[in-house]
Amino acid sequence: MSIVFEQVSFSYVPLSKRQKKAGEKQKYALCNVSFELHDGDFLAIAGHTGSGKSTLVQHLNGLANPTEGRVLWNGKDLADKKVATQARGDIGVVFQYPEHQLFEVDVISDVCFGPKNQGLSEEESEKNAREALELVGFPEKYYKQSPFELSGGQKRRVAIAGVLAMKPKVLILDEPTAGLDPKGRDEILDQIAKLHKETGMTVVLVSHSMEDVARYVDRICLLYTS
């Protein structure tokens, strides 16, 4: 599995032909970004607020397409809708504050939701859910508890497990420590590092704080505002 960014630039409001003729300058959320992601990588995407981190994440599985340049998944252009659909089966994204998406009556039901949507049976879905909850270090005694009664860090683990239960090959976490206290932040990062070490899964960790992620990852892609 590989994801390759080739001189990717992206603008939310591309210039019209008239604006280009008038000499107006294009404003970019991403500008000329190139890097490669391969099996087993542990990569951080770091940068200050407004540097384009979340925009970049949307390009990793074809939710957004470059204004200029290309994003390739296994050599295929993610701008192709069929390719993007295939890629999303391999790429799991945990967006900021994922606990806001918890909704089921108990933890195990919530984590089962994704596998069921993939067409797995009740038994298979629960098997995947239990494995995922174990991977994030979530105690079994809370499986039947309402997710709304959990602490912030516990909710975050359940949300991550909900993505892991769908068996992605790549796990992308957009600001996974946002809103957590220092203890909760360290626990989540430690768990993500443990997950990578034990499974060999490709992990992309997005953060505004390079200090938080530098001691965990193998490589850092640093975005900056100009």
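Reader: Leaving aside its neighbours within four places in sequence, which residues is R156 in contact with?

Author: The model is a predicted one. In it, R156 touches Y97, P98, E99, E175, P176, T177, A178, L180 and I188, its neighbours within four places in sequence being left aside. R156 itself belongs to helix α6.

Reader: Why is R156 called buried?

Author: The term applies under 20% relative accessible area. R156 has a value of 1%, and therefore it is buried.

Reader: Is E175 to be called buried or exposed, and on what grounds?

Author: Its relative accessible area is 8%, and the limit for the term is under 20%, so E175 is buried.

Reader: Which other residue has a positive phi although it is not a glycine, and where is its place?

Author: N32 has a positive phi of about 55°. The place of N32 is in strand β2 (residues 30-38).

Reader: Why does N32 count as partly exposed?

Author: The relative accessibility of N32 is 46%. Buried would require a value under 20% and exposed a value over 50%; partly exposed therefore covers what lies in between. N32 accordingly counts as partly exposed.

Reader: How do you know how many disulfides there are?

Author: Two cysteine sulfur atoms must lie within 2.5 Å to form a disulfide. By this rule the count is 0. For C31, the nearest cysteine sulfur is that of C221, 13 Å away, and C31 is in no disulfide. Likewise, C221 is in none, its nearest cysteine sulfur being that of C31 at 13 Å. C221 is also buried, because its relative accessible area of 13% falls under the limit of 20%.

Reader: What makes the pair of F138 and Y143 a stacked one?

Author: A pair of aromatic rings is described by the distance of the centres and the angle of the planes. The search of the whole structure finds 5 aromatic pairs. In the pair of F138 and Y143, the centres are 6.3 Å apart and the planes are at 15°. Centres must lie within 6.5 Å for a pair, and planes under 30 degrees apart count as stacked. F138, Y142 and Y143 are linked into a cluster by ring pairs.

Reader: Why do F138 and Y143 count as buried?

Author: F138 has a relative accessibility of 4%, and Y143 has one of 7%. The limit is under 20%, so F138 and Y143 count as buried.

Reader: What lines the largest cavity, and how many cavities does the search find?

Author: The search of the whole structure finds 1 cavity of 30 Å³ or more. The largest cavity holds about 50 Å³ of space. Its lining consists of L135, V136, R157, I160, I188, Q191, I192 and L195. Two or more of these residues come from each of α6 and α7, and α7 gives the most, with 4 residues. By class, the lining has 6 nonpolar, 1 polar and 1 charged residues.

Reader: How is the largest pocket lined?

Author: The largest pocket has a volume of about 510 Å³. Of its 22 lining residues, those closest to the centre are Q101, A159, G162, V163 and M166. β6 (91-94), α4 (107-117) and α6 (152-164) each supply at least two residues of the lining. Its classes number 13 nonpolar, 7 polar and 2 charged residues.

Reader: Why does G153 count as buried, and what does it touch?

Author: G153 lies in helix α6. Its relative accessibility of 19% is under the limit of 20%, and G153 therefore counts as buried. Residues up to four places away in sequence not being counted, G153 touches L180 and I188. The C-alpha atoms of G153 and K183 are separated by 9.1 Å, although these residues are 30 apart along the chain.

Reader: What makes H196 buried, and with which residues is H196 in contact?

Author: H196, in helix α7, has a relative accessibility of 14%; this is under 20%, and H196 thus counts as buried. Apart from neighbours within four places in sequence, H196 is in contact with G40, D41, F42, M201, V203 and D218.

Technical notes. Residues are numbered from 1 along each chain as its sequence is written. This is a predicted model: local features need pLDDT of at least 70, side-chain atom pairs count only at pLDDT 80 or more; totals for chains, interfaces and linings use all residues. Side-chain values use heavy atoms; hydrogens and water are left out. Buried means under 20% relative accessible area, exposed over 50%, partly exposed in between (1.4 Å probe, protein chains only). On a 1 Å grid over the protein atoms alone, a cavity is a set of points where a 1.4 Å probe fits but cannot get out, and a pocket is an open set with protein on both sides within 12 Å along at least five of seven lines; lining residues have an atom within 4 Å of a point. Grid points are joined across faces, edges and corners, and a volume is the space filled by probe spheres set on the points. Ala, Val, Leu, Ile, Met, Phe, Trp, Tyr, Cys and Pro count as nonpolar, Asp, Glu, Lys and Arg as charged, and the others, Gly among them, as polar. Contact means heavy atoms within 4.5 Å. Rings of Phe, Tyr and Trp (its six-membered ring) pair if their centres lie within 6.5 Å; planes under 30 degrees apart count as stacked, over 60 as edge-to-face and the rest as tilted.
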